[in-house]
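Colleague: Before I use any of these terms, I would like to hear what stands behind them. Please take me through the model.

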Amino acid sequence: MEAGDGGVDRVVDSKDLQQQSKAFDKLTDRVEDRQLDSSRAQSAMASIAASAEAEKNAMRLREKELAAVKINAAEVDIIANELELDKKVAERTLREHKGDAVAAIRSLLH
Amino acid sequence: MGASLPPKEANLFKLIVKSYETKQYKKGLKAAEAILKKFPDHGETLSMKGLTLNCMDRKSEAYELVRLGLKNDVKSHVCWHVYGLLYRSDREYREAIKCYRNALRIDPDNIEILRDLSLLQAQMRDLTGFVETRQQLLTLKPNHRMNWIGFAVANHLCSKYFVAKAVEILEAYEGTLEDDYPPDNERCEHGEMLLYKVLLMHIIHVREKHGLFKELCLLQGIKSVVLISLLEECGFLERALEELHKKEPKIVDKLVSKEQEVSLLVKLGRLEEGANHYKALLAMNPDNYRSILCLLRIPLDFLQGDKFCAAAANYIKPLLTKGVPSLFSDLSPLYDQPGKADILEQLILELEHSISGDGRYPDRTEKEPPSTLLWILFFLAQHYDRRGQYDIALSKIDEAIQHTPTVIDLYSVKSRILKHAGDLVAAASLADEARCMDLADRYINSESVKRMLQADQVALAEKIAVLFTKDGDQHNNLHDMQCMWYELASGESYFRQGDLGRALKKFLAVEKHYADITEDQFDFHSYCLRKMTLRAYVDMLRFQDRLHSHAYFHKAAAGAIRCYLKLYDSPLNSPAEVEDNTSKATQKKKMKKQRKAERAKKEAEEKNEGSSASGTSKSGKRHIKPVDPDPYGEKLLKTDDPLSEATKYLKLLQKNSSDSLETHLLSFEVNMRKQKILLAFQAVKQLLRLDADNPDSHCCLIKFFHKVSSMPAPVSDAEKLVWSVLEAERPSISQLHEKTLSEANKIFLGNHEDSLMHRAAVAEMLYTLDPTKKLEAVKIIEDSSNKIVPTNGALGSVMEWKLKDCIAVHKLLDNVLIDTDAALRWKVRCAEYFPYSIYFEGSRSSAVNNSLNNLDTETPLNGGANGPDIIQSGNAFTSNGKLEAFKNLKI
């Protein structure tokens, strides 16, 4: 099966391959994009902008809460080391558990 | 962008950029050099030149130039952007993101940089970042369609809570279109976008079902078949059926619509109707083989008892007459349902008896062709193989071979039976025999390669495998084609033989394939948004997210971790170091020889490149294959910290295969060695969650707390914290509640007295907890009894113990409990149970039968064309008298 057709295929292949690869090389990422109607676009933007603000505010509040928690820097290091986590993750978890290292670790072990 | 250049040079600079984008690198290079002649220190030009060179495969120069350019002009966002692009082309994504962010600090509203950043964020799945960047892009350029779609998709991906937002965004976008309708040339893409929106709505059930259906109906210009499938996907099965009936006159392909109808009916549980429609299908198209099978096969899953027997008989008989080799595989899932295997056995034996008697089925008058008996025997052989009755299986298959020696499938099955029975060498040689019967069949070639690898005949396997690879770089071709089964099997074989270096190379090669597949998605982030193939895009992303949970990756990662564990436990330096130091002189000589050989190889290659570059099958770009600097994995073995290497793969396993027991077993082993107590404890918890009764879980539990109890009192803050956590957690482990470890061990034995593997686990733990109790531990193992499995099988009986388990117990006795006498007794005992096993040197295995039997790698092999010759010198086993006659028959 393979032996017979192999010879013919190879000849065709090489020309095909060359053409293919030439075409492939020419492929670029450049694209001309169509423009939408500006005024309609602007009003559409406004409609979705409102909800974005509310979300941002909620997040800001949460961050403030967490920043206020008192934590022990040494414990952050221990958690990061023992559980092989990023320091930021360790710190955040500790804050979320109000500085209780044992509770923080237990939650991470689940 | 080149602001400080005079107008002529500024134009040249723009030309460089344009040339880069349109891949006209030589042009860009010329322009860059023209500028640099006058302004040799212009940072941005240097950077662009570097970038252009990078695309011309001059990497080291590229990096130099880009860095120099950046140094000269640190405040230029162009330089940072280019640096980022350079990193990206080398897959250094984190560095690239850093560079982009630096660029954005200088020029925060630069669209190009934002776009590139968003692509990277999508690739790295930094989804919150992705949403932010997309939002910024939309705010800056709200009149670009892609920005709307991109923002919607980003929201969808970010989390399910934002899917509603995504729908909002799409609706806002729709509001921007003139008359709510897109221009003609965008019709198809608009349709795709709507279908995507429907998918999102399905996810959040925002509209009640009725409303959603109305929405679907409004999708104008959507092909009926697509609409119906979409309805089916969203679970609106009744509606889909209605739609199908409505549109039936318009659907041209009747066969397809009928098949879709049946599938809907089956899904709705209306089986009778479904069956009737299948009959209609049959009438329409009597040769529709698929229909017949589906019609009769599905009931076999649901029926029981006598009804099952009757239905099975109806299904099987015509297929036996026709001679369908895959019949057993087809029925194989039924064997998991209790009782059905016995019924099938009775049935087939009856057929066999009847056919060998008067050549007819029990209730028929027509005579069956002689081949029917052959296929019955073939089926029975596989049946008994599945039930573990290898003697009977072999006798049936031998009968079949005697009946018709020219059927290749028979030899394949016999090879498989031998493999299950434990004679890997005979299995390999038989598979090779089958291969030689049809040298053009790639499947059989692969099967024989697999068997050879299982029998640890790696060099031979390689030779056979390359018979089917493309000319040129034979061995590398298997790697380029991502032939993972081959790499895994080789890796596992090398591991068994103790060649850790080569094993590691194979496992890491498989891992690299997965990294490549992950990498491949990069171009689609921009492409799919442009082409609006959003549903397919999201599916692709989901697929990529799950990619590393694939079984092959799991095997490769587990294999690599085991290699590293072995490396840690018995580092190469200890005994080998002595050798190394004394033969330093010979080492130097070796190095020189190697370097010479490599140089000669490179020269030969370059010569070949030169001659073949003149128009053969080489494509436009010259692919210079990098010479592998470490073909035997020696560098990998020299790693300083095998455990941290292992951890890399462990993390991937933990993330993607967290429901696999093996993942946590490996985690336990690695973390205990790393002294990461809490992580080891986490592994134990996961094991208990998944399967607390598993013998391995029990072992890890006992080992862990034994270690903890033998640790000194905590001194440092870290130790104290770990201690308090363990104290807090211990009460939640019921197995240890108010018991000592040895008591828990005894209770475990009591609960699982009849299971060999559980007893072995208890024995091992007894010894671990108290090494003086070695004899007692051995006794627990030796007292295990191999019971007969209660079945209603017609022929012979099935013993409970599995070969794999018995081998594991032998290793336990030999290596852990270190009782060589007990190990020997065990071996003799198991040789009785498994007469075909090479490991136990069973009486009928090729290990005993042929002292000459050595299909080892040194045997001269003439490329497989002289197959039967090799077999002859090896196994007297396979000759059943007919081989001689068969040789003459061979094509």
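Modeller: A salt bridge here is a side-chain nitrogen of Lys or Arg within 4 Å of a carboxyl oxygen of Asp or Glu. This is a predicted model, in which local features need pLDDT of at least 70 and side-chain atom pairs count only at pLDDT 80 or more, while totals for chains, interfaces and linings use all residues. Residues are numbered from 1 along each chain as its sequence is written, chains are lettered from A and ligands numbered from 1 in the order in which they are written, and side-chain values use heavy atoms, leaving out hydrogens and water.

Colleague: Why is the pair A:Arg92 and A:Glu63 called a salt bridge?

Modeller: Their side chains meet at 3.4 Å, N to O. The limit is 4 Å, so the pair qualifies. Across the interface of domain 1 and domain 2 of chain A, the rule finds 1 salt bridge.

Colleague: What makes the residues on the side of domain 1 of chain A that touches domain 2 of chain A nonpolar, polar or charged?

Modeller: Ala, Val, Leu, Ile, Met, Phe, Trp, Tyr, Cys and Pro count as nonpolar, Asp, Glu, Lys and Arg as charged, and the others, Gly among them, as polar. By that rule, this side of domain 1 of chain A has 4 nonpolar, no polar and 2 charged residues.

Colleague: How do you know that domain 1 and domain 2 of chain A are in contact?

Modeller: Contact means heavy atoms within 4.5 Å. With that cut-off, 6 residues of domain 1 of chain A are in contact with 7 residues of domain 2 of chain A.

Colleague: Where do the bounds of the two domains of chain A lie?

Modeller: Domain 1 of chain A covers 40-69 and domain 2 covers 70-109, bounds that come from an automatic or database domain assignment. Their centres, taken over C-alpha atoms, are 28 Å apart.
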